[in-house]
Amino acid sequence: MDYLLVSNNAISKFPYSLEELRSDNPLTSFPWEMSAGELANWGVYRVEKQNPPAYNEQTESIELQPPSFINGVWVREWLIISADSAELERRTTAQAALQREERNRVLSRTDYTQCLDFPGTDNERASYAVFRQALRDVPEQVGFPWDVVWPLPPGVA
């Protein structure tokens, strides 16, 4: 549970905990469980959590905002911010690196299929060669790196 401390009608500390309340008031004996009214007597209020709203991770960022007093309740709110061009470029570069890492992992797991001692048939080896080329071509896809269509390995419908 999140709490905040209010003094002079303004948030003086957030986040705030019941342990801090006890520590800030060492000569006071507090009950283990405190009602909202008891907490309010000390300027302490529960803060309702809200799930973050949906946003586009490619083009937007989300920031948790300080609590606001809405309809008699303290609530955490979220702010969605559009990424600037430098951030968009950074994200795209990072996403491309992640996609290439995945592609390289799959390629390395299929390296053995191209060895002369591969236990499969020539047709199976050829099918894996086609699959591996499709993996190498992934960065050339129109939606890369955000919308990647991964090729299916031979034998997978």
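Me: How much space lies in the largest pocket of this predicted model?
Reply: About 170 Å³.

Me: What makes a residue count as part of its lining?
Reply: An atom within 4 Å of a pocket point is the test. Y3, L18, E19, R22, W32, E33, M34, L39 and R46 line the largest pocket. Helix α1 (residues 18-24) gives the largest share of that lining, three residues.

Me: Why is α3 called roughly antiparallel to α4?
Reply: The axes of α3 (residues 85-109) and α4 (residues 122-136) cross at roughly 165°. Angles over 145 degrees count as roughly antiparallel, so α3 and α4 qualify. Their axes come within 10 Å, and the crossing is left-handed.

Me: What makes β2 and β5 edge strands?
Reply: The open sheet has five strands in the order β2-β1-β3-β6-β5, with mixed pairing. β2 (10-16) and β5 (68-70) each have a single partner strand, so one side of each lacks a neighbour in the sheet. From one strand to the next, the twist averages 40°.

Me: How do you know that β5 and β6 pair?
Reply: Pairing needs at least two bridges. β5 and β6 (residues 73-75) have three, in the antiparallel sense, so they count as paired. I70 stands opposite V73 in β6.

Definitions and conventions: Residues numbered from 1 in each chain as written. Predicted model: local features only at pLDDT ≥ 70, side-chain atom pairs only at ≥ 80, totals over all residues. Heavy atoms only, no water. Helix = DSSP H or I, 4+ residues; strand = E, 2+ residues; numbered from the N terminus. Axes fitted to C-alpha atoms, helices over the stretch in contact; angles between N-to-C directions. 1 Å grid on protein atoms, 1.4 Å probe; cavity = no way out; pocket = protein on both sides within 12 Å on 5 of 7 lines; lining within 4 Å. Points joined across faces, edges and corners; volume = space filled by probe spheres on them. Parallel < 35°, antiparallel > 145°, perpendicular 65-115°, else oblique. Left-handed = near helix turned anticlockwise from the far one by under 90°.
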